[in-house]
Amino acid sequence: MLSTRKDSWMMTREDMQILLHVAEWALNHRHVMSTIRKLAGTEENYLIIARELDRVHAHIAQARSIHAEATLTLVEWLVILDAYQWKCAYCQEKPFEVMHHHIPLHEGGSTLSNCLPACRPCCSPRKKKPPDQAPLID
Ligand SMILES: [Zn+2]
């Protein structure tokens with residue numbers, strides 16, 4: 001499931017485990033931000049989880065609004081981010097800034113296999129090229 005890489009770019013294994021734990025909890029208890037804040041432990045973890053929860057919700061809503069597949073969960077998104085060490089999946093250098101749909105949203109939807117972290121320059125249509133390797137997740 002999880003990448004076993006040790007050279008995590010910005011967060012410790014422990015932080016990642018906490019984030020996943022909170023994300024799993026949030027699957028069944030939506031919008032209870034005060035509890036999410038408590039579970040997250042640190043303000044930093046809370047801000048990350050709140051930001052990524054918003055991001056996943058926004059992309060799910062966007063996919064639903066055009067009747068595309070909309071199955072991505074916060075847990076899946078965190079696993080994707082971890083697999084790419086929270087970097088852009090395309091250049092694998094810059095920190096990720098946006099969730100990018102590898103296949104256009106109306107065809108690929110917001111799903112585990114279609115959502116990748118990307119930096120803004122790599123999202124520009126002229127520069128975009130596929131990642132060299134598939135996501136490091138099962
Ligand atoms: Zn990039």
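Is histidine 67 buried or exposed? With 9 other C-beta atoms within 10 Å, histidine 67 is exposed. This is a predicted model, and the tour below starts from that residue.

**Two loop residues**

Histidine 67 sits in the loop between α3 and α4. Its backbone is worth a look: phi is positive, about 60°, although the residue is not a glycine. Most residues other than glycine have a negative phi. Glutamine 92 also has a positive phi, near 55°, and is likewise a residue other than glycine. You will find glutamine 92 in the loop between α4 and β1 (98–101). It counts as partly exposed, because 14 other C-beta atoms lie within 10 Å. Here are the two side by side:

| Residue | Phi | Other C-beta atoms within 10 Å |
|---|---|---|
| Histidine 67 | about 60° | 9 C-beta atoms |
| Glutamine 92 | near 55° | 14 C-beta atoms |

Now move to helix α1, which covers residues 13–28. Its 16 residues reach 24 Å from the first C-alpha to the last, close to the 22 Å expected at 1.5 Å a residue. Ile18, Leu19, Val22, Ala23 and Ala26 are the buried residues of α1. Looking down the axis of α1, you see these buried residues fall within an arc of 135°, so they line one face of the helix. An α-helix has 3.6 residues a turn, so residues three or four places apart point the same way. The buried residues of α1 pack against α2 (33–40), α3 (43–65) and α4 (74–83). On the face turned away from that buried side are the exposed residues Glu14, Gln17, Leu27 and Asn28.

**The nonpolar core**

Val22 of the buried set in α1 turns up again in the largest nonpolar core, which has 29 residues. Val22, Ile49, Trp77 and Ala118 touch the most other members of this core. At least two core residues come from each of α1, α2, α3, α4 and β2 (115–118). The largest share, six residues, is supplied by α4. In soluble globular proteins, nonpolar side chains tend to be buried together.

Tryptophan 77 has contacts beyond its sequence neighbourhood: leaving out residues up to four places away in sequence, tryptophan 77 touches Glu52, Val56, Leu72 and Cys115.

**Aspartate 82**

One last stop is aspartate 82, placed in helix α4. Aspartate 82 counts as buried because it has 22 C-beta neighbours inside 10 Å. Aspartate 82 and arginine 13 are 69 residues apart in sequence, yet their C-alpha atoms are 9.7 Å apart in space.

Technical notes. Residues numbered from 1 in each chain as written. Predicted model: local features only at pLDDT ≥ 70, side-chain atom pairs only at ≥ 80, totals over all residues. Helix = DSSP H or I, 4+ residues; strand = E, 2+ residues; numbered from the N terminus. Expected span 1.5 Å × (residues − 1). Buried ≥ 20, exposed ≤ 12 C-beta atoms within 10 Å, placed from the backbone. Arc of directions from axis to C-beta. Contact = placed C-beta atoms within 7 Å. Core = buried A, V, L, I, M, F, W, Y, C linked by C-beta atoms within 7 Å.
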